[in-house]
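The following report concerns the structure shown below.

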Amino acid sequence: MSTETPITDPEGIDGVRMTWNAWPRTKVEASKCVIPIAASISPIRPHSLIPTNPYAPLRCKTCSSVLNPFCRVDFTALIWICPFCFQRNHFPVHYSGISETNVPAELYPQYTTIEYAVGNLDARHALPPPVYVFVLDTCMIEEELGFARSALQQALEFLPENALVGFVSFGTQVQVHELGYSDMSKVYVFRGSKEMSKDQVLEQLGLGGGFAPGRRVGGGVGGVAGQGFPNPGVARFLLPASEGAYVIHSLLEELGTDQWPVAPGNRALRCTGVALSVAAGLLGACLPGTGARIVALVGGPCTEGPGSIVSKDLSDPVRSHKDLDKDAAPFFRKAVQFYEELAKQMVNQGHVLDLFASALDQVGVAEMKVVIERTGGLVVLAESFGHSVFKDSFRRVFEKGEESLGLAHNGTLEINCSKDIKIQGIIGPCTSLDKKGPAVASTTIGQGNTTAWKLCGLDKDTCLTVFFDISSSDKDPSGNANPQLYIQTVTSYQTADGQSKLRVTTVTRRWVESAVVSEELMQGFDQETAAVVMARLASYKMEIEDTFDATRWLDRNLIRLCSKFGDYRKDDPSSFSLNPCFSLFPQFMFNLRRSQFVQVFNNSPDETAYFRMMLNRESITNATVMIQPSLISYSFQSLPTPALLDVASISPDRILLLDSYFSIVIFHGMTIAQWRNLGYQNQPEHQAFAQLLQAPHDDAEVIIRERFPVPRLVVCDQHGSQARFLLAKLNPSATYNNEVAAGMDVIFTDDVNLQVFFEHLQKLAVQSS
């Protein structure tokens with residue numbers, strides 16, 4: 001659970017966590033560290049101590065990094081020296097009043113992160129309002145469509161008044177609703193089987209030929225005349241929320257399920273791919289720089305036109321992981337290719353795709369993953385539009401105030417670093433802008449070959465993992481090398497209310513000189529960040545390398561790490577011990593090997609894609625919970641206490657609360673469940689029991705309120721069918737194979753338990769190579 005208090009906040013004001021907080025000097029030494037040098041950055045995470053400057057930042061004239069507390073300043077000559085390229089820069093005239101006792105905020109040592117409010121000073125250049133195009137699937141049963149309709153109607157009430165809304169519905173064909181035509185409902189229909197380019201879409205909607213970036217027709221942002229768009233015709237499809245909400249409300253009231261006949265034994269014809277590309281084409285008529293989101297509600301697999309994931313015949317199952325491994329998924333590659341093209345178009349336009357998929361079958365999240373990740377969209381996977389996972393998550397997207405997600409648009413991220421540091425790439429919701437420079441590494445991980453990235457959509461919790469490489473192969477013979485290294489991230493973005501902001505974070509760490517394993521290097525190891533980075537890297541490799549064996553790769557790296565940093569006598573496992581800075585890491589790896597990120601068995605490709613997208617975009621604290629869930633025990637004997645993630649924690653007189661990020665499980669021991677069934681909690685003399693039953697629900701409510709997507713709540717009893725949600729996550733220290741104490745729960749599995757895992761690890765780590 002993320003807390004905003006700085007004391008328990010490991011990310012601090014900068015929102016940066018690194019696998020190593022002291023860096024080895026050379027490439028060879030870095031490779032011996034086993035865990036890659038990487039940083040997890042939260043580009044726009046809010047923090048109460050971050051100041052905002054109402055003026056533009058000062059940039060270095062050589063490397064364009066921004067003035068920061070680590071710059072050396074000569075106050076008499078009014079010169080500052082850039083810590084990245086050592087360029088001497090003159091302060092402009094309006095800084096002439098600075099002195100050692102009067103410095104601007106960006107030079108205060110505590111303001112390593114600072115925001116600049118830029119570009120809002122000129123009222124005439126007000127930014128275009130945000131645009132929401134809702135894309136609704138109508139190939140569903142009436143009940144599901146009813147749930148989706150009411151969620152949409154509720155969302156429309158939360159939109160800011162100045163926002164523009166559009167509405168597209170689809171089934172076998174795509175209907176673009178002309179909201180600006182009030183006399184009657186007017187619809188443009190597109191064939192679902194035909195791929196449409198952006199220009200064709202605009203031509204069909206009567207918006208073709210008018211697009212000249214920068215040319216403005218009609219008045220400012222408010223009135224329908226022009227709407228601040230290069231093509232005034234767009235106002236027929238996108239109305240201000242104050243008017244559009246009513247029009248869409250009445251359209252939704254009349255909207256029925258798709259009427260196209262479905263033959264027995266066939267799936268409904270659903271053209272999701274065409275619907276999304278038509279919506280993206282419509283948004284292509286907006287001014288460049290408009291923050292726009294396509295909010296898609298999809299209730300089943302695409303079976304018609306581009307982006308199809310399965311045939312119409314119900315006897316053909318939707319692709320599984322086995323099919324993908326064997327190359328037996330005939331639609332997969334083609335669909336991914338289609339969505340890659342759509343992703344390029346949407347990134348060029350700077351627009352976002354949010355996907356809300358609610359169905360018992362797969363809908364194609366695995367294929368759409370590329371668009372959602374490259375555009376920084378939100379994704380929620382649920383079983384039904386009536387399920388709280390969908391309803392509550394969907395509402396959170398549009399809520400304002402404390403509960404809001406802090407959505408922002410049109411971000412770009414630039415990274416500057418010290419001379420010997422190269423950037424391999426970023427894993428997370430972003431797209432490379434292919435900006436070459438001296439800091440680009442020769443090897444690529446994720447979105448690489450660049451020092452700048454596009455973040456079409458981001459929110460206050462968005463987190464990216466940057467992988468670094470050390471380029472120097474030898475020590476500096478002169479001995480005057482700077483002991484500190486510097487990294488600066490510069491993020492420009494638009495807030496939901498249309499303000500342009502620039503956030504600058506500059507961090508420093510120490511170089512470690514010695515070739516031996518130094519205490520400083522070990523003290524600077526961040527176990528949680530290292531575990532999450534290994535999980536993200538393993539997931540990435542599983543997707544791009546055909547024959548990658550994630551379990552073996554994780555095991556090999558863990559053994560190498562323990563051999564390098566453990567204390568032991570050669571070939572004596574009993575002498576092995578790990579420094580406290582590393583002691584939790586093997587346990588994280590044990591749980592990662594068993595997690596849904598590595599063991600894809602029993603998950604569909606859609607679920608796996610969903611879990612990986614969430615792993616790649618959440619903070620280290622949240623991602624750690626995905627890998628290693630937290631368990632809290634409630635009993636009469638003590639206050640709620642953390643419990644071991646082990647089957648031994650189950651006891652008849654305890655309630656357990658498991659938080660595995662995607663689901664929260666309240667598990668009642670057998671005795672507790674029996675008392676509850678007998679209604680003891682309703683009797684006045686058993687108030688303490690009633691409070692014990694209520695406590696985990698209150699704590700679960702706190703977690704659910706702070707989290708997006710809203711997790712699934714499972715309430716179950718010992719030996720009940722839903723107890724599997726808990727048992728699957730516990731260490732199987734007691735199985736049907738070993739002797740267990742009477743009354744203790746066992747897990748029916750052949751998986752090794754944590755103790756056996758540790759014993760093998762010790763044996764292999766101390767082996768003389």
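## Overall form

Of the contacts in the protein between residues at least 6 apart in sequence, 71% join residues at least 24 apart. The model under discussion is predicted, and every value reported here is computed from it. The protein contains 19 helices and 30 strands.

The radius of gyration is 28 Å, in agreement with the value near 27 Å that a compact globule of 769 residues would have. Taken along the principal axes, the box filled by the C-alpha atoms of the protein is roughly 85 × 80 × 60 Å.

## Burial and surface

Buried residues account for 56% of the 769 residues in the protein. The accessible surface of the protein amounts to about 32600 Å². Carbon and sulfur atoms contribute 53% of that surface.

## A four-stranded open sheet

An open sheet is formed by four strands, arranged in the order E1-E3-E21-E18, with antiparallel pairing. Its edges are strand E1, spanning 16-18, and strand E18, spanning 421-427; each of these pairs on one side only. Neighbouring strands of the sheet are turned against each other by 25° on average, with direction ignored.

How many disulfides does a search of the whole structure find? The search finds zero. Two cysteines, cysteine 456 and cysteine 581, are described here in terms of their sulfur distances and their accessibility.

For cysteine 456, the closest cysteine sulfur belongs to cysteine 430 and lies 10 Å away, which is too far for a bond. A disulfide requires the two cysteine sulfur atoms to be within 2.5 Å, so the separation of 10 Å between cysteine 456 and cysteine 430 excludes this pair. Cysteine 456 is also buried, its relative accessible area being 0%.

Cysteine 581 likewise takes part in no disulfide. The nearest cysteine sulfur to that of cysteine 581 is found in cysteine 33, at 13 Å. Is cysteine 581 buried or exposed? Cysteine 581 counts as buried because its relative accessibility is 14%, and the cut-off for a buried residue is under 20%.

Conventions. Residues numbered from 1 in each chain as written. Predicted model: local features only at pLDDT ≥ 70, side-chain atom pairs only at ≥ 80, totals over all residues. Heavy atoms only, no water. Buried < 20%, exposed > 50% of the residue type's maximum accessible area, 1.4 Å probe, protein only. Pairing = 2+ DSSP bridges. Helix = DSSP H or I, 4+ residues; strand = E, 2+ residues; numbered from the N terminus. Axes fitted to C-alpha atoms, helices over the stretch in contact; angles between N-to-C directions. Rg over C-alpha atoms; globule rule 2.2 N^0.38 Å. Contact = heavy atoms within 4.5 Å. Areas by Shrake-Rupley, 256 points an atom, 1.4 Å probe, with all protein chains shown as cover.
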